[in-house]
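Here is a short briefing to read alongside the model. Please have the viewer ready and follow the topics in order.

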Amino acid sequence: TKVGGATLTKMLGTSAWYAPGAAVSSLVQAIACDQKKMFPCSALLEGEYGLNDLCIGVPVILGKNGIEKIVELELDDAEQSKLKESAEGVSKVNDLLDLKK
């Protein structure tokens, strides 16, 4: 993938031009057309996954009201540990930025 990405960038003369636009288009379409589709998004957790007052990437259902539901997947112990580790990292950065005023 290291070489493939570099090769593609060299051939196109740019990188990441299509995927971000396509992703945003899918998100907007899901909301505008009330599709109730699942996407990975950063969402404010209020008890989901045992986390509170923290925005982190989780699966959500998008519809006409934006995030309509946070999907709580069943995580094994290793996955739960990694999520907790990630949440702690996000919290530390938030503290450094002094965002909790």
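In this predicted model, three strands make an open sheet of 3 strands in the order β1-β2-β3, with antiparallel pairing. Strands here are DSSP runs of E with at least two residues, helices are runs of H or I with at least four residues, and both are numbered from the N terminus. Two strands count as paired if DSSP finds at least two bridges between them. Local features need pLDDT of at least 70 and side-chain atom pairs count only at pLDDT 80 or more, while totals for chains, interfaces and linings use all residues. Residues are numbered from 1 along each chain as its sequence is written, and side-chain values use heavy atoms, with hydrogens and water left out.

- The edges are formed by β1 (37–46) and β3 (66–70), each of which pairs on one side only.
- From one strand to the next, the twist averages 50°; axes are lines fitted to C-alpha atoms, for helices over the stretch in contact, and angles run from 0 to 180 degrees between N-to-C directions.
- β1 and β2 run antiparallel and are joined by 10 bridges.
- These two strands, β1 and β2, form a hairpin with 5 residues between them, and G47 in the turn has a positive phi of about 110°.
- Strand β2 (residues 52–63) pairs with β3 in the antiparallel sense over 4 bridges, and the hairpin made by β2 and β3 has 2 residues between the strands.

**Helix α3**

- Helix α3 (residues 77–97) has 21 residues and reaches 30 Å from its first C-alpha to its last, close to the 30 Å expected at 1.5 Å a residue; the expected span is 1.5 Å times one less than the number of residues.
- Which residues of α3 are buried? They are L83, A87 and N94, where buried means under 20% relative accessible area, exposed means over 50% and partly exposed lies in between (1.4 Å probe, protein chains only).
- Seen down the axis of α3, the buried residues fall within an arc of 35°, so they line one face of the helix; the arc is that of the directions from the helix axis to the C-beta atoms.
- On the other side of α3, the exposed residues are D77, A78, K82, K92, D95 and L96.
- Strand β2 is included in what covers the buried residues of α3.
- At the N-terminal end, D76 caps α3, with a side-chain oxygen 3.1 Å from the backbone nitrogen of A78.
- After α3 comes D98, whose phi is positive, near 55°.

**Residues with positive phi**

- D34 has a phi near 45°, a positive value in a residue other than glycine.
- D34 belongs to the loop between α2 (19–32) and β1, and is partly exposed, with a relative accessible area of 29%.
- D53 is not a glycine either, yet has a positive phi of about 55°.
- The place of D53 is in strand β2, and at 53% relative accessibility D53 counts as exposed.

**E72 and its contacts**

- E72 sits in the loop between β3 and α3 and is partly exposed, with a relative accessible area of 49%.
- What does E72 touch? Leaving aside neighbours within four places in sequence, E72 is in contact with E48 and Y49, where contact means heavy atoms within 4.5 Å.
- A polar atom of the E72 side chain lies 2.8 Å from the backbone nitrogen of Y49.
- The C-alpha atoms of E72 and V58, 14 residues apart along the chain, are separated by 8.1 Å.

**The whole protein**

- The secondary structure comes to 3 helices and 3 strands, and from the N terminus on the elements run α-α-β-β-β-α.
- Buried residues make up 22% of the 101 residues.
- Of the contacts with a separation of 6 or more, 39% are between residues 24 or more positions apart.

How values were computed. Polar contact = N/O pair within 3.5 Å; in protein donor to acceptor, adjacent residues only side chain to side chain.
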